[in-house]
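Thanks for coming. I have one structure to go through today, so please have the sequence and the 3D view open.

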Amino acid sequence: MKKSGLFMLLVVLLSLGLIATGCSTTTSSKENVIQIATQSPLSGDLAAMGDSIKMGAQLAINDEKETFKKLGFDIELFPQDDQGDAKQGVANTELLVSNPNVLAVVGHLNSGVMAPSGPKYEQGGLPVVSPANTAVDLTEQGWKTYHRICARDDVQGPAGAEYASKSLNVKTVFIAHDKTKYGQGLAEAFKKAAEKLGMQVVSFEGIDQKEKEFNPLATSIAAKKPDAVYFGAMYNQSGLLIKKLGEKKYNGFILSGDGSDHKDLLQIAGKNNLKKTFITSVAGDATRTEKGKAFAKKYKDTFKLEPSTFSSYGYDACLVVLNALEKSIKDNGGKKPTREQLNKAISETKDFEGVFTKVTFDEKGDNKTSDVFIYSFAEGTYPAKYIKTISAANFK
Amino acid sequence: MDLGSLASMLPQVFIDGLTLGFLYAVVALGYTMVYGILELINFAHGEIFMVGAFIGTEVLLLMQAMGIMSGLNPYLALFLALGVAMIFTGALGVSIERVAYRPLRFSPRLVVLISAIGVSFLLQDLVRFTEGMTRNAFYVTGPNLLDGSLHVMDGLILEEKSLVIILIALIMMVGLHLFVNKTKWGIAMRAVAQDQQTASLMAINVNKVIALTFFIGSSLGGAAGVLYAQYYGTIDPYIGFLLGLKAFTAAVLGGIGNMKGAMIGGIALGLLESLGAAYMGPLTNGNFGAEYKDVFAFSILIIVLLFRPEGIFGEAVNEKV
């Protein structure tokens, strides 16, 4: 057992090394450095989406760096990995709140992670602009620091239902969800609207967020033969369900929300199984506008990756923050604003034109001018083919 | 939902459950062999399964990238992927045993168990890291080799994949059975399982036999991984955890340490889970839907263990491998 002694020594050395590097990253307050944090999953199941948000925000920071340099400030991105996990999200939040350099946060992909972190941001007065939270009740808590640029589930769900009923002529629908705050919230909003529109809901089922075995669900859908399936979940799961539905020769429409808006859906589901798949999304198609095309090119040049809609969410959310930051620096006589001042400026954002979204926050922190877009995967391309825009104002 | 359509689902649910069950059974064999010989629950086995899935898929992707896939018979490609994955995971199993278990063989059980859990985290993160570096995402979707299907009747589609999985699993199980019961090495394995010290007195190289057990168990796990990747299409570094847990459950259900038990336990668990997922929702009016299928399967496990703590085929310690 001599070797294990050496081994132990190595282990001790390694852990000391880790502790040492951990210490060196803690920072003290610097007068001319402003950090914008992102919080999104950079590891785990949802890392692909979380990375897109981070890179979108990074691009926005790169673009505006010069502007702030002229004002005498260094702006930096401070990316955090919330792992799509509520516990980790809250732990990160506490660190961010206690870091004096961090003035604002772009983030949380998952509504379920945002919910427990919200009170912590509120306590620390740290403003948050979420690129992707759609759960309704997040803006019903009275949080002053919380804002989001995308449409809520109670707009996105009904928009999907309206499209299914009026354009696809769906009469019976099977609804499933992943039991998360996002998936279930979306599915419930869809169900409510579907019933109002006279559709028959043949089943409403939850499936675990980590489930990978979709045979039973696909079999019971194929047996019930509904006109359409609505699945409130993220792309990794909706892809698997769509694949299994294809293998069980289910022949109806498949609808899902913005969680399925991801290029990997094509591979996971298989292009042939996506012929009758539609999604609602809260982000516009980057390739349809000149601004969007320029963004896509820049993104590709910087990261050697195709942008996803989540990159655009991240980019616009970060631009909202930077726009307010610039304003609050000027209002503060060129000095570094406090979190409170920045939060006020963010909350007052009006008619801001991002690349993909128009942003005017209401008193709750919702974006008044958010739209929902319908996309089709019939051609097996990503981004999916744009079909139509449904204005959020229809459902208020 | 009316009874007629419930009944019409049954054949499909049965076939899906059977396919899943055979996968569980092959993985459960790895648990049960190692337990039989070392009385160690090798919690890294689920991760070996996962590594097998990744290696098989990477081999297929590599062949696709090199352009030799199109001219190749899909079965040949599958067997190639299976072969590479089995050799690699077998070697991985042996080296894990050498590095993480053998130095601890005479330590308390708990120490080895913790070492196994450590190995399992290490493998997960290693795969996540390498895949993340090379592909920027650690979801990997491999090429679909077998997409034939036979529409037998309304509500029953026989997929080529399912049949191939069941067939390969059966061949492996029969092969293992013959190996353990008919060959010299098999006799040595059974001897070591019964009594290590006496076996070593009979000129059996115990370390070699244990390494062989790990090689066979792990390569079976790796093969199951390749089949899983074909069946489900998309894999990630975390598939091993839940599947490993279920396969372990299957081994316990059948009687851990007993090979016949692992096979029957696996198939039973797969069927139970599939039936539970498909029928619990409709039968309880949607109050307990498919999301409770694991609860259903594990409840059956608890009930079996309450009445037969040694598992269905478990015997009171005599013959273990």
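One term first: I call a residue buried if 20 or more other C-beta atoms lie within 10 Å of its own, and exposed if 12 or fewer do. Also, keep in mind that this is a predicted model.

Let me start with helix 3 of chain A, residues 86-97. At 1.5 Å a residue, its 12 residues should span 16 Å, and the end C-alpha atoms are 16 Å apart, which agrees. Which residues of this helix are buried? They are A:Gly89, A:Asn92, A:Thr93 and A:Leu96. Looking down the axis of helix 3 of chain A, these buried residues fall within an arc of 105 degrees, so they line one face of the helix. As a reminder, an α-helix has 3.6 residues a turn, so residues three or four places apart point the same way. On the other side of helix 3 of chain A, A:Lys87 and A:Leu95 are exposed. What does the buried side of helix 3 pack against? In chain A, its buried residues pack against strand 1 (33-40), strand 2 (74-81), strand 3 (102-107) and helix 4 (111-124).

Five strands of chain A, written 2-1-3-4-5 in order, form an open sheet with parallel pairing. Its edge strands are strand 2 and strand 5 (146-148) of chain A, each pairing on one side only. From one strand to the next, the twist averages 25 degrees. Within this sheet, strand 1 and strand 3 of chain A run parallel and are joined by 5 bridges. A:Ala37 stands opposite A:Val105 in strand 3 of chain A. Helix 11 of chain A, residues 309-331, packs on the sheet and touches strand 1, strand 3 and strand 4 (128-130) of chain A. The direction of helix 11 makes about 155 degrees with that of strand 3 of chain A.

Next, the other sheet I want to show. Here 7 strands of chain A form an open sheet in the order 7-6-8-9-10-13-14, and the pairing is mixed. Strand 7 and strand 14 (385-391) of chain A are the edge strands. Neighbouring strands of this sheet are turned by 20 degrees against each other on average, direction ignored.

Going into that sheet, strand 8 (residues 228-232) and strand 9 (residues 253-256) of chain A pair in the parallel sense over 4 bridges. A:Tyr230 stands opposite A:Leu255 in strand 9 of chain A. Strand 9 also pairs with strand 10 of chain A, again in the parallel sense, over 3 bridges. There, A:Ser256 has A:Ile279 in strand 10 of chain A as its bridge partner.

How many residues of strand 10 (residues 277-281) of chain A are buried? The count is 5 of its 5 residues. In a regular strand the side chains alternate between the two faces of the sheet. In strand 10 of chain A both faces are covered, with A:Thr277, A:Ile279 and A:Ser281 on one side and A:Phe278 and A:Thr280 on the other.

For contrast, take A:Gly198, in the loop between helix 6 (181-196) and strand 7 (200-206) of chain A. Buried or exposed? A:Gly198 is exposed, because it has 8 other C-beta atoms within 10 Å.

Last, the interface. 32 residues of chain B are in contact with 34 residues of chain A. Helix 1 (3-38) of chain B is one of the elements that give two or more residues to that side of chain B. The largest share, 7 residues, comes from helix 1 of chain B. By class, the side of chain B that touches chain A has 14 nonpolar, 14 polar and 4 charged residues.

Note on methods. Residues are numbered from 1 along each chain as its sequence is written. Chains are lettered from A and ligands numbered from 1 in the order in which they are written. This is a predicted model: local features need pLDDT of at least 70, side-chain atom pairs count only at pLDDT 80 or more; totals for chains, interfaces and linings use all residues. The expected span of a helix is 1.5 Å times one less than its number of residues. The arc is that of the directions from the helix axis to the C-beta atoms. Two residues are in contact if their C-beta atoms, placed from the backbone, lie within 7 Å. Ala, Val, Leu, Ile, Met, Phe, Trp, Tyr, Cys and Pro count as nonpolar, Asp, Glu, Lys and Arg as charged, and the others, Gly among them, as polar. Two strands pair if DSSP finds at least two bridges between them. Axes are lines fitted to C-alpha atoms, for helices over the stretch in contact, and angles run from 0 to 180 degrees between N-to-C directions.
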